[in-house]
Amino acid sequence: MTDRMFHLLERFQMLDAQLRRAQGSTRRNLFQIAELERRKLRIRARLARLFVPPAAVV
């Protein structure tokens, strides 16, 4: 695992924890929740691109 992957995984986990706290709060901020979800999806997409091996060139 590269440093970049590790850093992205750390950020993903941090956003996940923030999102769970925001969703569990009695005073939900829907804008904040939507922003955290959007950021989490962006990181998930970046991780997916890094974990997928490059296509074989024929």
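**Close-up views of a two-helix model**

**View 1. How the helices cross.** Helix 1 and helix 2 make a left-handed crossing, meaning that the near helix is turned anticlockwise from the far one by less than a right angle (clockwise would be right-handed). What you're looking at is a predicted model, where local features need pLDDT of at least 70, side-chain atom pairs count only at pLDDT 80 or more, and totals for chains, interfaces and linings use all residues. Residues are numbered from 1 along each chain as its sequence is written, and side-chain values use heavy atoms, with hydrogens and water left out.

**View 2. Two helices side by side.** Helix 1 covers residues 3-24 and helix 2 covers residues 30-51; their axes come within 9 Å and cross at roughly 155°. That makes the two helices roughly antiparallel (over 145 degrees; under 35 is roughly parallel, 65 to 115 roughly perpendicular, the rest oblique). The axes are lines fitted to C-alpha atoms over the stretch in contact, with angles running from 0 to 180 degrees between N-to-C directions.

**View 3. Who touches whom.** From helix 1, the contact takes in R4, M5, L8, L9, R11, F12, L15, D16, Q18, L19, A22 and Q23; from helix 2, Q32, I33, L36, E37, R39, K40, I43, R44, R46, L47, L50 and F51. Sorted by class, this helix 1 to helix 2 contact has 13 nonpolar, three polar and eight charged residues. Contact here means heavy atoms within 4.5 Å. Ala, Val, Leu, Ile, Met, Phe, Trp, Tyr, Cys and Pro count as nonpolar, Asp, Glu, Lys and Arg as charged, and the others, Gly among them, as polar.

**View 4. The whole chain, for scale.** The protein chain has two helices and zero strands, both taken as DSSP runs numbered from the N terminus (helices H or I, at least four residues; strands E, at least two). Its C-alpha atoms fill a box of roughly 55 × 20 × 10 Å along the principal axes. The radius of gyration is 15 Å, while a compact globule of 58 residues would have one near 10 Å (taken over C-alpha atoms; the globule rule is 2.2 Å times the number of residues to the power 0.38). Of the contacts between residues at least 6 apart in sequence, 63% join residues at least 24 apart.

View 5. F6 sits in helix 1 and is partly exposed, at 47% relative accessible area. F6 and L47 are 41 residues apart in sequence, with their C-alpha atoms 9.6 Å apart. Over in helix 2, Q32 is also partly exposed, at 39%. Q32 and L19 are 13 residues apart in sequence and 8.6 Å apart, C-alpha to C-alpha.

**View 6. Q13 and R20 on helix 1.** Q13 belongs to helix 1 and is exposed, at 54% relative accessibility. R20 lies in helix 1 too, and its 53% makes it exposed. R20 and L36 are 16 residues apart in sequence, and 9.8 Å separates their C-alpha atoms.

Terms used: Buried < 20%, exposed > 50% of the residue type's maximum accessible area, 1.4 Å probe, protein only.
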